[in-house]
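Thanks, everyone. Please have a look at the model on the screen, and then I'll walk through a few parts of it.

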Amino acid sequence: MRYSLFYRGIAKKHSMITFMSMGDLYMAEKSIKDKALELSQIMRDGKGEDVVVLDVAKLNSWTDFFIIVTVNSSAHWRGLQKAAMEYVKDNDLQVHLTHRKMSDGDDWNLIDLGPIVIHLMTKEAREFYELEKLWYAAEKL
C-alpha cells in the first residue's frame, strides 16, 4: 500500500505527524452536499436572494440537490452563473448543457451540474412555479 506523509498541527506546543493512505485522502475530498452548500454561499455572496438548498436525492434518480435563488435581472443571473462556473472549474464538477425549445426570457435559468442543479429565477417566476412546494418532501439544508 502506498502512503503519503502529511503534517498536521494540533496545537502550537502539540504537533503530530500522521500517515494517511491514498484511500483516506480520497475520503477527505468534499462531498456533493459540501459542494452544494458552498455553491449556495457563493449565490448569497453574489447578492442572490432567498437562497434555498433542497436535498432531493431520495425523491428522484437524476440529481441530489437543488439550489434555488431569486435574481433581480439578467445581468444579476449572468454574474451568479459566472461565479458558479468558476467554482465548477476548481471543484471537479461538470456542466451539463441544457437546451431551450424557444427563447422565453430570463425568468428562469438553470445550471445543471449533474448531482447539483442551480435554479436562478426572478421573483415572479419563483412565485409562479413554487419549486419549494412542488418538492415539499425534500429536506431543506
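Let me start with Arg126, which is buried because its relative accessibility is 8%. Buried means under 20% relative accessible area, exposed means over 50%, and partly exposed lies in between, with a 1.4 Å probe and protein chains only. A quick word on the basis: this is a predicted model, where local features need pLDDT of at least 70, side-chain atom pairs count only at pLDDT 80 or more, and totals for chains, interfaces and linings use all residues. Residues are numbered from 1 along each chain as its sequence is written, and side-chain values use heavy atoms, with hydrogens and water left out.

Back to Arg126. Its salt-bridge partner is Glu132, with the closest N and O atoms 2.5 Å apart. A salt bridge here is a side-chain nitrogen of Lys or Arg within 4 Å of a carboxyl oxygen of Asp or Glu. Glu132 is partly exposed, at 22% relative accessibility.

How many salt bridges are there by this rule? Three. Glu130 pairs with Lys133, closest N and O atoms 3.7 Å apart. Glu130 is partly exposed at 36%; Lys133 is exposed at 59%. Then Glu38 meets Lys30 at 3.0 Å, N to O. Both ends are partly exposed: Glu38 at 29%, Lys30 at 38%.

Now strand 6, residues 116–122. Helices (H or I, at least four residues) and strands (E, at least two) are DSSP runs, numbered from the N terminus. Seven of the seven residues of strand 6 are buried, so the strand is largely enclosed by the rest of the structure. In a regular strand, side chains alternate between the two faces of the sheet. Here Ile116, Ile118, Leu120 and Thr122 point one way, and Val117, His119 and Met121 the other.

Which strands flank this discussion? Two strands pair if DSSP finds at least two bridges between them. Strand 4, residues 65–71, runs parallel to strand 6, joined by seven bridges. Phe66 stands opposite Val117 there. Strand 5, residues 108–112, pairs antiparallel with strand 6 over five bridges. Leu110 has His119 as its bridge partner. That hairpin has three residues between the strands, and Gly114 takes a positive phi near 85°.

Last stop: helix 4, residues 123–129, which holds Glu124. Glu124 is exposed, at 58% relative accessibility.

That's the tour. Comments, please.
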